[in-house]
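Subject: Structure handover

Hello,

Here is the structure we discussed, together with its sequence. My notes on it follow below.

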Amino acid sequence: MSALPRPAVPGGAAVAPGTPTSAVPLVFPRALTIGVIGSGRVGAVLAAAFTAAGHRVVAASGRSQVSRDRIALLLPDAALGTPDEVAAAATDLLLIAVPD
């Protein structure tokens, strides 16, 4: 069985075999524009992690007042909108984190 390809590192250098995956930085060509539908405990925290990684969370939706408060606290630059508005604003990634 052949090995899976490893992600590239900055400068296009190959990752040496045996290098732990945690030692390989993930490099995005640009910041992603992200929206989150379902800003509960999971969705809001994941969106905040994307923001901390340098991506732009532009819109979020939440039904309860607790979710709206969480958006205001964790995602202060994100517009509060309906799911349809969030989906339209999320040009690169739409995170859907709703209860099953």
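Helices (H or I, at least four residues) and strands (E, at least two) are taken as DSSP runs, numbered from the N terminus. The model is predicted, with local features needing pLDDT of at least 70 and side-chain atom pairs counting only at pLDDT 80 or more, while totals for chains, interfaces and linings use all residues. Residues are numbered from 1 along each chain as its sequence is written, and side-chain values use heavy atoms, leaving out hydrogens and water.

Pocket

A pocket here is an open set of points on a 1 Å grid over the protein atoms alone, where a 1.4 Å probe fits, with protein on both sides within 12 Å along at least five of seven lines; lining residues have an atom within 4 Å of a point. Grid points are joined across faces, edges and corners, and volume is the space filled by probe spheres set on the points. The largest pocket comes to about 370 Å³. Its lining has 20 residues, of which G38, S39, G40, S67 and P99 are the closest to the centre. Helix 1 (41-52) and helix 2 (65-74) each give at least two residues to this lining; the largest share, three residues, is from helix 1. By class, the lining has seven nonpolar, ten polar and three charged residues (nonpolar: Ala, Val, Leu, Ile, Met, Phe, Trp, Tyr, Cys and Pro; charged: Asp, Glu, Lys and Arg; polar: the others, Gly among them).

Strands

Strand 1 (residues 33-37) and strand 2 are parallel and paired over five bridges (pairing requires at least two DSSP bridges between two strands). I34 has V57 in strand 2 as its bridge partner. Strand 2 (residues 56-61) has five of its six residues buried, where buried means under 20% relative accessible area with a 1.4 Å probe, protein chains only. Strand 2 also runs parallel to strand 3 (residues 79-80), joined by two bridges, and A59 stands opposite A79 in strand 3. The crossover from strand 2 through helix 2 to strand 3 is a right-handed β-α-β one: with the strands pointing away from the viewer, the path from the first strand over the helix to the second runs clockwise. Strand 1, helix 1 and strand 2 also form a right-handed β-α-β unit.

G38

G38 sits in the loop between strand 1 and helix 1. It counts as buried because its relative accessibility is 17%. Leaving aside residues up to four places away in sequence, G38 touches G43, A44, S61, A97 and V98 (contact: heavy atoms within 4.5 Å). G38 and G62 are 24 residues apart in sequence, with their C-alpha atoms 5.4 Å apart.

Regards

Key. Buried < 20%, exposed > 50% of the residue type's maximum accessible area, 1.4 Å probe, protein only.
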